[in-house]
Amino acid sequence: MNLKEKYGEWGIIIGATEGVGKAMAQKIAKGKMNPVLVGRRGEKLEALKKEIETDYGVKAKVLVCDLSEVDAANRIIKDTTDLDIGMISYVACLHKFGKLQDTSLEDHKKMLQVNVITFLELFHHYMGIFAKKKKGLVVNFSSLTGITSSPYNAQYGAGKSYIKKLTEAVAYEARNDGIDVCVATLGSTKTPSFLSNLPGGEEGQAATDRAMDTDDVIDEIFENIGKVRSLVVGETNRETVKHWYEDMSADEQAEYMGKFYER
């Protein structure tokens, strides 16, 4: 699919440095769309820019930005004003493990800024642009922690639930407006962050074996663009979600997740 012809010249990847965001940037570049690479680590983003321009023959733009800052969305909007934006994908997230009261209020506010406020500001702005053009693509990312509650990870899980439910509703609103909107709910995925936090031994290996490759995640999402508005990625993850909904109460789901983090 030529994404540039279908949606527009540029696609913004919020959280493009590594993992799923990097795979998303490579995917749209393969579809002839120029990626705007947004993240905190400029050196890694510049390396990715060079790689993408060399491998796919497109242009790429780097925006170094801390999404926990209150003016982050305005900076991104200002720096992309003159570009033909056809896509936005919010991959970025921020989380801190621990009980609610053991995490500083300042960290809670930073998580809220990244996972809710900056997300909302960007989603709102670019949906307005796409509505005027009557074309565009939005791919936002949620998590299985946004389906259950997530003890010891509560703020992050709540933010992922917000992203999931807001995107699902907006996707319905936009269904006849020429805009493809989808939220992808991910389970364990082989990102650098996931792999670095695994325990050793058989338990860590088992978790690695269950996790999906980032390229497989992105490929499945694009196979379903325009077909579904909300996608749980991966058959194993879909079976897990079905089990949660059909066989477990909210209390049981919370207990299941809590015990997972207590291991």
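Trainee: Across which strands does α3 lie, and at about what angle does α3 run to β2?

Mentor: Keep in mind throughout that this is a predicted model. Here α3 lies across β2 and β3, and its direction makes an angle of about 165° with β2.

Trainee: What is the order of the strands in the open sheet, and which pairing do they have?

Mentor: As a general idea, the strands of a sheet pair through backbone hydrogen bonds, either parallel or antiparallel. In this structure the open sheet has seven strands in the order β3-β2-β1-β4-β5-β6-β7, with parallel pairing. Because β3 (61-64) and β7 (230-232) stand at the edges and each has a single partner strand, one side of each is left without a neighbour in the sheet. On average, neighbouring strands of this sheet are turned by 15° against each other, with direction ignored.

Trainee: How many bridges join β2 to β3, and what stands opposite V36?

Mentor: Strand β2, residues 34-39, is joined to β3 by four bridges, and the two run parallel. Opposite V36 stands K61, which belongs to β3.

Trainee: How do the axes of α4 and α5 cross, and which residues meet there?

Mentor: Two packed helices are described by the angle between their axes and the distance between the axes. For α4 (residues 72-79) and α5 (residues 105-133), the axes come within 8 Å and cross at roughly 30°. With angles under 35 degrees counted as roughly parallel, α4 is therefore roughly parallel to α5. The crossing of α4 and α5 is right-handed. On the α4 side, A72, A73, I76 and I77 meet T118, E121, L122, H125 and Y126 of α5.

Trainee: Which residues touch the most other members of the largest nonpolar core, and which elements give two or more residues to this core?

Mentor: In soluble globular proteins, nonpolar side chains tend to be buried together. The largest nonpolar core here has 34 residues, of which M24, L37, M87, F141, I218, I221 and F222 touch the most other members. Two or more residues come from each of α1 (3-7), α2 (19-30), α3 (42-56), β5 (136-143), β6 (179-186) and α9 (214-224), and α2 gives the most, with six residues. If residues up to four places away in sequence are not counted, M87 touches W10, G11, I12, I13, M24, I28, M33, F130, L137, V139 and F222. There is also a second, separate core of 31 residues, whose members include L67, A72, I76 and V181.

Methods:
Residues are numbered from 1 along each chain as its sequence is written. This is a predicted model: local features need pLDDT of at least 70, side-chain atom pairs count only at pLDDT 80 or more; totals for chains, interfaces and linings use all residues. Side-chain values use heavy atoms; hydrogens and water are left out. A nonpolar core is a set of buried Ala, Val, Leu, Ile, Met, Phe, Trp, Tyr and Cys residues joined through side-chain atoms within 4.5 Å. Buried means under 20% relative accessible area, exposed over 50%, partly exposed in between (1.4 Å probe, protein chains only). Contact means heavy atoms within 4.5 Å. Two strands pair if DSSP finds at least two bridges between them. Axes are lines fitted to C-alpha atoms, for helices over the stretch in contact, and angles run from 0 to 180 degrees between N-to-C directions. Angles under 35 degrees count as roughly parallel, over 145 as roughly antiparallel, 65 to 115 as roughly perpendicular and the rest as oblique. A crossing is left-handed if the near helix is turned anticlockwise from the far one by less than a right angle, and right-handed if clockwise.
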